[in-house]
Amino acid sequence: MSEPLLEATGLRKDYGSVLAVDDVDLAVEAGGSLAIVGESGSGKTTIARMLVGLTRPTAGTIRACGRDRSTPSRSAAERRRRGSEVQIVFQDPYSSLDPRHSAQKALDEVLRLHGSGSDSRARKARIAELGELVGLDDRMLRALPRDLSGGQRQRIAIARALAADPRLIILDESVAALDVSIQAQVLNLLADIREQTQISYILISHDLAVVRQITEEAIVMHRGKVVERGRTEAILDSPQDPYTRMLRASVPRPGWKPTRRASLASVPDLGETP
Amino acid sequence: MSANGALLEVDGLHTKLPVEGRMQTVLHDVSLSIGTGEAVGLVGESGSGKSMTARAIARLLPSGASTSGSIRYDGTEVGSRRGSTLRDYRGEVAMIFQDPRAHINPVRSIGDFMTEALRTNRGVARADARARAVRALGDVGIEDGERRLKQYPHELSGGLLQRVMIASALLTEPRLVLADEPTTALDVTTQAEVMAILDELRRERGLALLFITHDLDLAGAVCDRTCVMYAGRIVESQRSADLGERPRHPYTAALSAARPAIEGAVHRLAAIRGRPVSAFEAPEGCAFAPRCEFAQDRCRERTPELRVVSGGEVRCVRADEIAGNLAKETESV
């Protein structure tokens, strides 16, 4: 069997006496899509930051595209190469884009660093191509972020991640802040891009329905630990771990009634009750 | 109480706000009523006007806002209340916000925050006010109330702080609670618990509730009736159970179809083209027409009226002829 596109083993992060991520293993195949599911404090965002190199793990190894990236890169060239392998799209398109740069300029900057380099005509062509891929027309590409809607800004953030031509994109709650009608557009877009480019995703999310829509594999995190892993459908249709079951039961759906029992504090007891 | 028994009656509410130096319409002909003890959901996306409706009712609109139309509470016009009658109104109508941290003074203790209204407006003695606060905390499932009163907001988690907000909103024994996305910032398990508490206390005390959310299923779970807003207008209102099963407005049906399902994913989501607009960005005619797959020329010509249909109201000229298609659309997802 070939090596996974990205693999982390024994991943751990301490903040003083707080163990944010505790011995986590995960792997994504080329073209695959993995969800890291959890609530606040589960450690899911810390994992994303470690995978992309924004946070240094206390212990454990991370390999992507056959190379180790457990320690900080030692050169600009190394940093660039890592950037061309794994990109990240954050939750908030309002704060992750430079307010003074049009989409065009933001994309151009990435293309100068990765790929097309000094050939301005090639960069221009690639910007148009990226715009088309994420559904942004010329006018939107020339506009500043403040003149665009939240959904359009998130498309720019996705286009910017794609500009580096990465093998994998980490989507850190990337659709969580979007209106439902826009979220559906962006989820369809993400599925289309994966179909067309064979890119891989790691989706960090608390939203089980979103997770089901765009991932095949999932791990469920609770207090820094993986409590369940497997096929996304299987986890959602017949969750085995008590925490996953509670998470599943807390999602509003037709005919659902909220219950007091579903509190985070009561999780440890849940395992003992029948 | 007014003739038809409604505790709150909003009739033909229009609101304009200064947006980038110009007065722009954000609410357009909003009418709704809430009976004593009734829970009504107000569902919509960004710019739909759902929060502005709640703020208009609470008399908490931003400065510079101008409104016309009528908001009557218990038979009297809310806009005409001054001084002590306004204070009484604020005691009877409590508001719970999305982000508790933005609505609590971070340098004052939970105890000071919770007892302030009772002590200054009602003249309740300190010890009595604190005892009531501890009881109120107990009601929302916070057992060690004495200790919590001495704590500061930063020492509490978001879910705990939102329960404190609910407890203090209920301290003045309101008859109507306006809850503006009270669980949107919370984890899903915490949301379930906070909603359960709010729902239970509301039923026990016969409180009326206006519950604002972007989540149709969440509104359906706790509200008797649900109103759907788009571009500053109410486009549909029905009993929540019926709304889920038989949406009458194409927007409601499209909104429910666009949301990914937790049971069985579809290959492609039924996304709605374009983006949600505010009232002042809406085109002539039906505001949803540019995004609606059922739109015809006549939809773009005149703004449809909110019409009474069996079991509710709908603002769509084609509601009757497309009723069968809408049901099919939601079933297939």
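Helix α1 (residues 44-52) of chain A lies across β1, β2 and β4 (59-64) of chain A and runs at about 120° to β1(A). Helices here are DSSP runs of H or I with at least four residues, strands are runs of E with at least two, and both are numbered from the N terminus. Axes are lines fitted to C-alpha atoms, for helices over the stretch in contact, and angles run from 0 to 180 degrees between N-to-C directions. Being in contact is a matter of C-beta atoms, placed from the backbone, lying within 7 Å.

This is a predicted model, where local features need pLDDT of at least 70 and side-chain atom pairs count only at pLDDT 80 or more, while totals for chains, interfaces and linings use all residues. Residues are numbered from 1 along each chain as its sequence is written, and chains are lettered from A and ligands numbered from 1 in the order in which they are written.

- Four strands make up an open sheet, in the order β2-β1-β4-β5 (chain A), and their pairing is antiparallel. Two strands count as paired if DSSP finds at least two bridges between them.
- The edges belong to β2 (18-28) and β5 (67-68) of chain A, which have a single partner strand each, so one side of each has no neighbour in the sheet.
- Strand β1 (residues 6-15) of chain A and β2(A) run antiparallel, joined by 7 bridges.
- For D14(A), the bridge partner in β2(A) is L19(A).

**Strand β6 of chain A**

- V86(A) and I88(A) point one way from strand β6 (residues 86-89) of chain A, Q87(A) and V89(A) point the other way, and all are buried. Buried means that 20 or more other C-beta atoms lie within 10 Å of a residue's own, exposed means 12 or fewer, and partly exposed is in between, with C-beta atoms placed from the backbone.
- β6(A) pairs with strand β7 (residues 168-172) of chain A in the parallel sense, over 4 bridges.

**Chain A as a whole**

- Count up the secondary structure of chain A and you get 11 helices and 10 strands.
- Its radius of gyration is 19 Å, close to the 19 Å that the globule rule gives for 274 residues, so chain A is as compact as a globular protein of that length. That radius is taken over C-alpha atoms, and the rule is 2.2 Å times the number of residues to the power 0.38.
- Along the principal axes, the C-alpha atoms of chain A fill a box of roughly 65 × 45 × 40 Å.
- Buried residues come to 46% of the 274 in chain A.
- Among contacts in chain A with a separation of 6 or more, 66% are between residues 24 or more positions apart.

- In chain B, 8 strands form an open sheet with mixed pairing, in the order β6-β7-β8-β3-β9-β10-β12-β11.
- β6 (93-96) and β11 (307-309) of chain B are the edge strands, each pairing on one side only.
- From one strand to the next, the twist averages 20°.
- Strand β3 (residues 39-43) of chain B runs parallel to strand β9 (residues 225-230) of chain B, with 4 bridges joining them.
- L42(B) has C227(B) as its bridge partner in β9(B).
- α6(B) lies across β6 and β7 (176-180) of chain B, at about 170° to β6(B).

**The nonpolar core**

- The largest nonpolar core has 169 residues, and L51(A), A159(A), I170(A), I202(A) and F211(B) have the most contacts inside it. Such a core is a set of buried Ala, Val, Leu, Ile, Met, Phe, Trp, Tyr and Cys residues joined through C-beta atoms within 7 Å.
- Helix α6 (residues 158-171) of chain B brings the largest share of this core, 9 residues.
- Beyond its neighbours within four places in sequence, A159(A) is in contact with A103(A), L107(A), L130(A), G131(A), V134(A) and L136(A).

**Where the chains meet**

- The contact takes 34 residues from chain A and 36 residues from chain B.
- On the side of chain B that touches chain A, α7(B) gives the most, with 10 residues.

**Two residues with positive phi**

- R223(A), in the loop between β9 (217-222) and β10 (225-231) of chain A, has a phi near 50°, a positive value in a residue other than glycine.
- D74(B) is not a glycine either, yet has a positive phi of about 55°, and it lies in the loop between β4 (66-73) and β5 (76-77) of chain B.

Methods: Contact = placed C-beta atoms within 7 Å.
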